[in-house]
Amino acid sequence: MKFIIAILGVLLVLIILWDAFETIILPRRVTRRLRLTSLFYRSMWSICSRVVGVMHNRKRREKYLGAFGPLSLLMLLGLWATGLIVGYAILHWGLETQLSLPNETGRFATYLYISGETFFTLGYGDIVPQLPLGRALAVIESANGFGLLAIVIGYLPVLYQAFSRREVNIALLDARAGSPSSAAEMLRRHAESDHLHDLTAVLHEWERWSAELLESHLSYPVLCYFRSQHDNQSWLAALTTILDTCALVLVGIGGTSSWQAKLTFAMARHAVVDLAQVFRTKPSDPGLEKSRLLVNDLDRIREILAKHGADLRGGEDANKKLTELRAMYEPYVCALSEMLMMPLPPWIVGENAIDNWKTSAWGRIQ
């Protein structure tokens, strides 16, 4: 019976170490369904989203959701540390490790204390293993504790650097596409300033941004929970805006490069689909009632762009092509939006919308 308990301890330690390896060190997506980290995030996010979902104040809701990503990292580290401590305590208990205090031998609470003391390398020396096997386990556990701490210290800067690089382009989108961002506003502003030709360079930059997002967020999915500085911005909203813009350009707008739009659309759509697979969010059709773009909205976009010298191709064929392009990504962004509680951007900004750079705690620039 004790031998079986020791085996369970070994399994627990190996599960924790392998999970930490896949989460921190392995630079690729793990497709296995049963993972400790995945179970942890699914359960914690389910609880958090339900609690925060009842809040009606959007700013307050975003405040708490914004703390989930960083806080979850600390909780995950605590889960790993607790699992290793308990695993080694079970192993000592199953092997009946001889201790310097014979009267304490056999008590699980004592082994748990020794395991915690060893893992955090406290080195009190009040209770120590006496036989070689127990001492070897203490050395291995100490190495695990020190190694896990070192890896996490190196892991956090990588996460925050990826987060910072992601947010730079999102911040730049504010002056180009409004707050919240929208495809119609992005095209209108470029057309109004007679810089539609610059849209090719902008979409090229967003193609690279989408590729970086795909690589970093597949390797470290926890970044998807990290939210932007403003409650009307998010990585998902920015990515959707770029997809919307590319779709309109591919339908046909004079003075724009459909080739670059095609490349950017492919990369951005790739990122959306793969991230939806990571979270196992089934594509969902928003339906007519919740559709982001109605027939009247499309007519309004044509009017807005035509007023500023950018003609969006009309006709049944153009509308059909836009519908086909939207069907390639909207079900995925809608599913991610519902799961992550990140609102999707409108196609046309509201009349009262104002850019974030024009606002402050002391007033607004009209």
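**Close-up views of a predicted model**

**View 1. Helices α5 and α8 at the largest cavity.** Helices α5 and α8 each contribute at least two residues to the lining of the largest cavity. Helices here are DSSP runs (H or I, at least four residues), numbered from the N terminus. This is a predicted model, in which local features need pLDDT of at least 70 and side-chain atom pairs count only at pLDDT 80 or more, while totals for chains, interfaces and linings use all residues. Residues are numbered from 1 along each chain as its sequence is written, and side-chain values use heavy atoms, with hydrogens and water left out. The largest cavity holds about 50 Å³ of space, and the whole structure has one cavity of 30 Å³ or more. A cavity is a set of points, on a 1 Å grid over the protein atoms alone, where a 1.4 Å probe fits but cannot get out; lining residues have an atom within 4 Å of a point. The biggest share of the lining comes from α5, with three residues. Among the lining residues you will find Ile 170, Leu 173, Asp 174, Gly 178 and Ala 237. Sorted by class, the lining has four nonpolar, four polar and one charged residues.

**View 2. Helix α5 and the residue that follows.** Helix α5 runs over residues 132-177, 46 residues in all, and spans 67 Å from its first C-alpha to its last. That is close to the 68 Å expected at 1.5 Å a residue, where the expected span is 1.5 Å times one less than the number of residues. Just after α5 comes Gly 178, with a positive phi of about 85 degrees.

View 3. Arg 189 and Glu 185 join their side chains in a salt bridge, 2.7 Å from N to O. A salt bridge is a side-chain nitrogen of Lys or Arg within 4 Å of a carboxyl oxygen of Asp or Glu, and the structure holds 14 of them. Arg 189 and Glu 185 are separated by about one helical turn because they sit four residues apart in α6 (residues 183-192). Glu 185 is buried, with a relative accessible area of 11%; buried means under 20% (1.4 Å probe, protein chains only).

View 4. Arg 292 forms a salt bridge with Asp 244, with 2.5 Å between the closest N and O atoms. This pair links distant parts of the chain, 48 residues apart: Arg 292 in the loop between α9 and α10, and Asp 244 in helix α8. Both residues, Arg 292 and Asp 244, are buried. Arg 292 also meets Glu 330 in a salt bridge, 2.6 Å from N to O. Glu 330 lies in helix α12, so its pairing with Arg 292 ties together parts that are 38 residues apart in sequence.

How values were computed. Buried means under 20% relative accessible area, exposed over 50%, partly exposed in between (1.4 Å probe, protein chains only). On a 1 Å grid over the protein atoms alone, a cavity is a set of points where a 1.4 Å probe fits but cannot get out, and a pocket is an open set with protein on both sides within 12 Å along at least five of seven lines; lining residues have an atom within 4 Å of a point. Grid points are joined across faces, edges and corners, and a volume is the space filled by probe spheres set on the points. Ala, Val, Leu, Ile, Met, Phe, Trp, Tyr, Cys and Pro count as nonpolar, Asp, Glu, Lys and Arg as charged, and the others, Gly among them, as polar.
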